[in-house]
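Please consider the following report together with the sequence and the three-dimensional model.

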Amino acid sequence: MPKSKEIVTSSSGSSSSSDSEENEKVQEEEEEERKRKAPAAQPPAVKKRKSGESSSRSNPAPPRRGKDEDMFQIGKLRYVRVSRFRAKVLIDLREFYSDNEGNTKPGRKGIALNLEQWTQLKTLVPEIDAAIFKY
């Protein structure tokens, strides 16, 4: 920790204007030192919620959409999302979750299909329906 600067007065008959200038310089330096230390003493900033944002987990905000992305809800927190990734169109069936701030984010449970896999799945829908009705 730096030592405080003391004002040393000379015993010689120097003018009072030079003493006052030295006092001002010392005060300015002390002020600058306090300003540098001040940000560390302040508590960390708290994130403010945007208007309309809810903190309750029961009613999460809908997921954000990019400009090349369409989303269709198929369950409470389950969505089909059509997007583009690395110049390829993907159909993403995914479960979402709500974070502590109420934002809805994609979870780990899900699958992303390319167009070839999606068309294959569409052709298999009648067979899948027939297998479902057996049970």
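Arg-78 stands opposite Glu-95 of strand β3. The side chains of these two residues also meet in a salt bridge, with 2.9 Å from N to O; a salt bridge here is a side-chain nitrogen of Lys or Arg within 4 Å of a carboxyl oxygen of Asp or Glu. Buried means under 20% relative accessible area, exposed means over 50%, and partly exposed lies in between (1.4 Å probe, protein chains only).

The model is a predicted one, in which local features need pLDDT of at least 70 and side-chain atom pairs count only at pLDDT 80 or more, while totals for chains, interfaces and linings use all residues. Residues are numbered from 1 along each chain as its sequence is written, and side-chain values use heavy atoms, with hydrogens and water left out.

**The fold**

The protein contains two helices and four strands, and from the N terminus on these elements run α-β-β-β-β-α. Helices (H or I, at least four residues) and strands (E, at least two) are DSSP runs, numbered from the N terminus. The four strands form an open sheet in the order β1-β2-β3-β4, with antiparallel pairing. Its edge strands are β1 and β4 (104–114), each of which pairs on one side only. From one strand to the next the twist averages 25 degrees. Two strands pair if DSSP finds at least two bridges between them; the pairs are listed below.

| Strand pair | Sense | Bridges |
|---|---|---|
| β1 (residues 70–73) and β2 (residues 78–85) | antiparallel | four bridges |
| β2 and β3 (residues 88–98) | antiparallel | eight bridges |
| β3 and β4 | antiparallel | eight bridges |

Particular residues mark these pairings. Met-71 has Arg-81 as its bridge partner in β2, and Arg-94 stands opposite Gly-110 in β4. Helix α2 packs on the sheet, where it touches β3 and β4, and its direction makes about 80 degrees with that of β4. Contact means heavy atoms within 4.5 Å. Axes are lines fitted to C-alpha atoms, for helices over the stretch in contact, and angles run from 0 to 180 degrees between N-to-C directions.

Two hairpins deserve mention. Strands β1 and β2 form a hairpin with four residues between them. The hairpin of β2 and β3 has two residues between its strands, and Arg-86 takes a positive phi near 50 degrees there.

**Charged contacts**

How many salt bridges does the model hold by the rule given above? The count comes to four. Besides the pair already described, the side chains of Arg-81 and Asp-92 meet in a salt bridge, at 2.8 Å from N to O. Arg-81 belongs to strand β2 and Asp-92 to strand β3, and the pair links parts of the chain eleven residues apart. Are these two residues buried or exposed? Both Arg-81 and Asp-92 are buried.

Asp-99 forms a salt bridge with Lys-105, and the closest N and O atoms are 3.5 Å apart. Asp-99 is buried, with a relative accessible area of 14%, whereas Lys-105 counts as partly exposed at 36%. Salt bridges that share partners also join Arg-81, Asp-92 and Arg-94 into one network.

A nonpolar patch on the surface is formed by Leu-121, Ile-128, Ile-132 and Phe-133, which together have about 410 Å² of accessible area. Patches are made of residues with over 30% relative accessible area and no salt bridge; like charges are joined within 9 Å, and nonpolar side chains (Val, Leu, Ile, Met, Phe, Trp, Tyr) within 5 Å. Leu-121 has its place in helix α2 (residues 115–134) and is partly exposed, with a relative accessible area of 32%.

For the protein as a whole, 15% of the 135 residues count as buried. Its accessible surface comes to about 11,900 Å², of which 53% belongs to carbon and sulfur atoms. Such areas come from the Shrake-Rupley method with a 1.4 Å probe, and for residues only the protein chains shown count as cover. Among contacts between residues at least 6 apart in sequence, 26% join residues at least 24 apart.
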